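Trainee: Could we go through the charged pairs in this one together? I'd like to take it slowly.

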Amino acid sequence: MANVFISHRGTDLPEAERLAFELRNAGHSVWLDEWSIKLGDSIVAKMNEGLDAADYVVVCYSSSGVLAPWMGREWMSALARQMNSSSVKLLPVMLSGGLSPAILEDVKYCDLAKDWPRGVSELLRSIV
């Protein structure tokens, strides 16, 4: 079982939550803001806890983009940790079209927009 942090834009919550359910049903521990940050919690502290514990950060992008303030901080910090030999790994996921960030263009991504079941299977094979 892996710890998976899902980074997404607020407008992509329905798809991100659908993905979170599938990953959780496959036995993984999933951090999703809607599930992990409760009323009165420090948003920054909870995000930091989730990112600190993550084995994988799933970067969900769509036609809405990936540069929302919170989302950008999440995946950029995970990328910096990955580049510094941390054990965290970024897994880009296309939810509904759009372009990946330029810095991730050379990284193979999972295309859920094209074929959701196949994409989820591919993602699950990458999470060990």
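Trainee: Is Lys108 buried or exposed?

Mentor: Keeping in mind that this is a predicted model, Lys108 is exposed, with a relative accessible area of 63%.

Trainee: And what does the side chain of Lys108 meet in a salt bridge?

Mentor: The partner of Lys108 is Glu122, and the N to O distance in that salt bridge is 2.5 Å. Glu122 lies in helix H5 (residues 116–126), while Lys108 sits in the loop between strand S4 (89–94) and strand S5 (110–111), so the pair ties together parts that are 14 residues apart in sequence.

Trainee: Is Glu122 exposed or partly exposed?

Mentor: Glu122 counts as partly exposed, its relative accessibility being 23%.

Trainee: OK, new topic: how many salt bridges does the structure hold?

Mentor: There are three salt bridges. One of them joins Arg18 to Glu22, with the closest N and O atoms 3.8 Å apart.

Trainee: Where do Arg18 and Glu22 lie?

Mentor: They belong to helix H1 (residues 13–25), and because they are four residues apart there, about one helical turn separates Arg18 from Glu22. Arg18 is partly exposed at 43% relative accessible area, and Glu22 is also partly exposed, with a value of 27%.

Trainee: What about Lys46, which residue does it form a salt bridge with?

Mentor: Lys46 pairs with Glu49, and their closest N and O atoms are 3.8 Å apart. Both residues lie in helix H3 (residues 43–53), where they are three residues apart, about one turn of the helix. Lys46 is partly exposed, with a relative accessible area of 24%, and Glu49 is partly exposed too, at 47%.

Conventions: Residues are numbered from 1 along each chain as its sequence is written. This is a predicted model: local features need pLDDT of at least 70, side-chain atom pairs count only at pLDDT 80 or more; totals for chains, interfaces and linings use all residues. Side-chain values use heavy atoms; hydrogens and water are left out. A salt bridge is a side-chain nitrogen of Lys or Arg within 4 Å of a carboxyl oxygen of Asp or Glu. Helices (H or I, at least four residues) and strands (E, at least two) are DSSP runs, numbered from the N terminus. Buried means under 20% relative accessible area, exposed over 50%, partly exposed in between (1.4 Å probe, protein chains only).
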